[in-house]
Amino acid sequence: MRAVRVHAWGADPVVEEVPSPVAKDGETLVRIEAAAISHLDLTVASGSFDLKPDLPYIGGVEGCGVVISSDRHEPGTRVALRGAGLGLLRNGTWSEYVATRKAASPLPADLSPEIAATYFVPTTTAYVALHEIAHLGSWPDVEDEVVVVAGAAGAVGSMVAQLALRAGCTVLGVVDASQVELLPAGVEPVLLGAESAELSKERPASLLVDTLGGQGVAQRTRWVRPGGRAVVVGYVAGKELSLDVPAWLLDDVALLPVNMIRREAAAREYAPLLAELLAKGELTLEVQSFAMDDAPKALHLLATGGLRGRAVILPGS
């Protein structure tokens, strides 16, 4: 079968022929229809993450496919693939087939393979960030929720904005000029630069959801009024953050991390509801599809911010 493998940390992956997996007793053999490409995949492939598969390895921590054989699922069942070390400790989903013991679960709604392969992380991360971390609507001393989303055109940022709108919040989406058209309907655009600088003067937000990370987080917390909170989801703009502690104490903004590995159980609990909303069109998720031969290109676009929404590899194309 064909697969996308990482042979060296930080190097481009290689599309090549490898032996097809043979399902052992208790394993489910799945034909991959769509395999997600995520920032976690990039982090693992860099070699900087604490969890490292043995080189060379097939990347991909998420995917969607159809069951070929299993003692748990009927052949032909469409399943989501994630967890159980896929793409982290063992070969992942960037291949034509995968055999797994615990990573396959029937999809809770009628979703396309592209959405099914990619929806879990952005939707559940957004929901957990808003409701489990930020306690939207019930944070002490906050009466009117004004949510500012940094990186609102990205997959997670867009989902945060949509879910906050559904909860009745005023939502401001901070983007550059080329991304305004990507914002969900109902989100007030704020352009990076002069417009976003005004947020530091006005401090309108009760909640900042920051999908960018990096040193800019410290400045963006100043968009939040005293007593509010800033939830940090991602690190696409950098992995380092330093704070002027006296200024932070004076600003009185809680800085809250989103650790989805620790909140996996909550994510799985909310996933069926979010999948149903996607299936009904009440939430939308933009996905770009790539042929397997274009996987290195897709990874480069992800790393440089050139993707719109999420990305998937289609092994059959």
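Predicted model: local features only at pLDDT ≥ 70, side-chain atom pairs only at ≥ 80, totals over all residues.
1. The largest nonpolar core has 56 residues. Those with the most contacts inside this core are Leu111, Tyr119, Leu130, Val147, Leu163, Leu207 and Val231. Several elements give two or more residues to the core, including helix 2 (113-118), helix 3 (120-133), strand 9 (146-150) and helix 4 (155-166). Helix 8 (264-279) is also among them, and the largest share, eight residues, comes from helix 8. As background, nonpolar side chains tend to be buried together in soluble globular proteins.

2. Leaving aside neighbours within four places in sequence, Leu111 is in contact with Arg78, Ala116, Tyr119, Ala275, Leu278 and Ala279.

3. Ser95 sits in the loop between strand 6 (78-82) and strand 7 (97-100). Is Ser95 buried or exposed? With a relative accessibility of 1%, Ser95 counts as buried, because the cut-off for buried is under 20%. Residues that Ser95 touches, not counting those up to four places away in sequence, are Met1, Arg2, Ala3, Ile32, Ile58, Met292 and Pro315. The Ser95 side chain also reaches the backbone oxygen of Tyr97, at 2.8 Å.

4. Arg229 belongs to strand 13 (residues 224-232). Its relative accessibility is 0%, so Arg229 counts as buried. Which side chain does the side chain of Arg229 join in a polar contact? The partner is the side chain of Glu145, at 2.8 Å.

5. Val180 is placed in the loop between strand 10 and strand 11 (188-191). Val180 is partly exposed, because its relative accessible area of 32% falls between the cut-offs of 20% and 50%. Leaving aside neighbours within four places in sequence, Val180 is in contact with Val175, Pro189 and Leu191. Val180 and Ala152 are 28 residues apart in sequence, and their C-alpha atoms are 9.2 Å apart in space.

6. Leu249 lies in helix 7 (residues 245-251). Its relative accessible area is 59%, so Leu249 is exposed.

7. Most residues other than glycine have a negative phi, and most peptide bonds are trans. Against that background, a cis peptide bond joins Leu55 and Pro56, with omega at about -15 degrees. Pro56 is in the loop between helix 1 (39-46) and strand 4 (57-58).

8. Two residues other than glycine have a positive phi: Arg203, near 45 degrees, and Asp252, about 60 degrees. Arg203 lies in the loop between helix 5 (194-202) and strand 12, whereas Asp252 is in the loop between helix 7 and strand 14 (254-257). How do they stand in accessibility? Arg203 is buried, with a relative accessible area of 18%, while Asp252 is partly exposed, at 44%.

Technical notes:
Residues numbered from 1 in each chain as written. Heavy atoms only, no water. Helix = DSSP H or I, 4+ residues; strand = E, 2+ residues; numbered from the N terminus. Buried < 20%, exposed > 50% of the residue type's maximum accessible area, 1.4 Å probe, protein only. Core = buried A, V, L, I, M, F, W, Y, C linked by side-chain atoms within 4.5 Å. Contact = heavy atoms within 4.5 Å. Polar contact = N/O pair within 3.5 Å; in protein donor to acceptor, adjacent residues only side chain to side chain.
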